[in-house]
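Subject: Structure for you to look at

Hello,

Here is the structure I promised to send over. Please open it alongside this note; my findings follow below.

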Amino acid sequence: MFYRYQELEMHYKIYGHGTPILMIHGLSCDMRLMVGCMKPIFKDIDGFQRIYIDLPGMGLSNAPLSFASCDKILEALLAFIEDNIKGDFILAGESYGGYLVNGIISIMPERVIKAIEICPMVVENHDERRKASKNFTDFDEEFMATLSEQNRKYFSNFAVIANKESFDRYASDIIPGIKCFDKNFIYMLRKNYCFSFDLYARLAELKFDKPILIFAGKQDTAVGYVDLFEGLVPLFPQASFILLNKAGHNLQIEQKDVFETIIKNWL
């Protein structure tokens, strides 16, 4: 299905019935990332409607350059919520999607029941982030030698556990999105990568007193974990912060069982 807002056509899919959960993927990926990490959780859980969406310029959504800014993407998400989600809802976001989740909370806190943030982006400037050093905790040299140079490069960028099992998930959940995003749109978006308003000042004033589940990887070379703990936990009185070892920016793949168990219990 497609949601049309101004010149934007945003692709989305809905599964199940019950309390809505809006799933927001990270930058340069598509909804397959969130489907891959969240679908197994709902095999044995009823009562939740899962809404997956492709952000502008990614997946099957189109890429009008007028939407190549964080403010415009947030505007489109808020419009989507108003037009497609009745009542209160849950949010789940990964990386850049986690940043957008916090943007939504800052605008319509009264409708958000709770939120899941998976390795969320907190510090907009890459050079200012306190990131982990590159460190493979499990590297299968024999398997990695079988990959094409391109796939090995894609996978090695963020992988902490580099073996066939983790690559197979990466290949199904993440690589397809990397191969189909609109390069010009992403280039322009990176120039307007953060909100024009002070997100964290707004959240600090808001004191959002509902459950927030924040996942961080000890070896995350993209966003780290220190900025997540210091930047988000003080803002949310009911925050739970989960720091997993042997996990990087693909935490949901590398620590799949722990990740899924925690979310099941939390929901």
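Start with helix α1, residues 31-38. Of its 8 residues, 6 are buried, so the helix is largely enclosed by the rest of the structure. The buried ones are M31, L33, M34, G36, C37 and M38. Bear in mind that this is a predicted model.

Together with β3 and β4 it makes a right-handed β-α-β unit. Strands β3 and β4 run parallel and are joined by 6 bridges. In that pairing, P20 stands opposite Q49 of β4.

Strand β4 (residues 48-53) deserves a look of its own. It is largely enclosed by the rest of the structure, because 6 of its 6 residues are buried. Both of its faces are covered. F48, R50 and Y52 lie on one side, with Q49, I51 and I53 on the other. Strand β2 (residues 8-15) pairs with β4 too, in the antiparallel sense, over 4 bridges. There, K13 stands opposite Y52.

Now the whole sheet. It is open and has 8 strands, in the order β1-β2-β4-β3-β5-β6-β9-β10, with mixed pairing. The edge strands are β1 (2-5) and β10 (239-244), each pairing on one side only. From one strand to the next, the twist averages 20°. Strand β9 (residues 212-217) runs parallel to β10, and 6 bridges join them.

Helix α3 (residues 96-107) touches β3, β5, β6 and β9, and its direction makes about 150° with that of β5. Helix α12 (residues 256-266) touches β6, β9 and β10; its direction makes about 170° with that of β9.

Next, the core. The largest nonpolar core has 97 residues. M38, Y96, I104 and F215 have the most contacts inside it. Helix α2 (residues 70-84) gives the most to this core, with 9 residues. Leaving aside neighbours within four places in sequence, I104 is in contact with I24, L74, L77, L78, I81, F89, L91 and P109.

Beyond its neighbours within four places in sequence, R169 is in contact with G36, C37, I174, Q252, I253 and K256.

Best wishes

Notes: Residues are numbered from 1 along each chain as its sequence is written. This is a predicted model: local features need pLDDT of at least 70, side-chain atom pairs count only at pLDDT 80 or more; totals for chains, interfaces and linings use all residues. Side-chain values use heavy atoms; hydrogens and water are left out. A nonpolar core is a set of buried Ala, Val, Leu, Ile, Met, Phe, Trp, Tyr and Cys residues joined through side-chain atoms within 4.5 Å. Buried means under 20% relative accessible area, exposed over 50%, partly exposed in between (1.4 Å probe, protein chains only). Helices (H or I, at least four residues) and strands (E, at least two) are DSSP runs, numbered from the N terminus. Contact means heavy atoms within 4.5 Å. Two strands pair if DSSP finds at least two bridges between them. Axes are lines fitted to C-alpha atoms, for helices over the stretch in contact, and angles run from 0 to 180 degrees between N-to-C directions. A crossover is right-handed if, with the strands pointing away from the viewer, the path from the first strand over the helix to the second runs clockwise.
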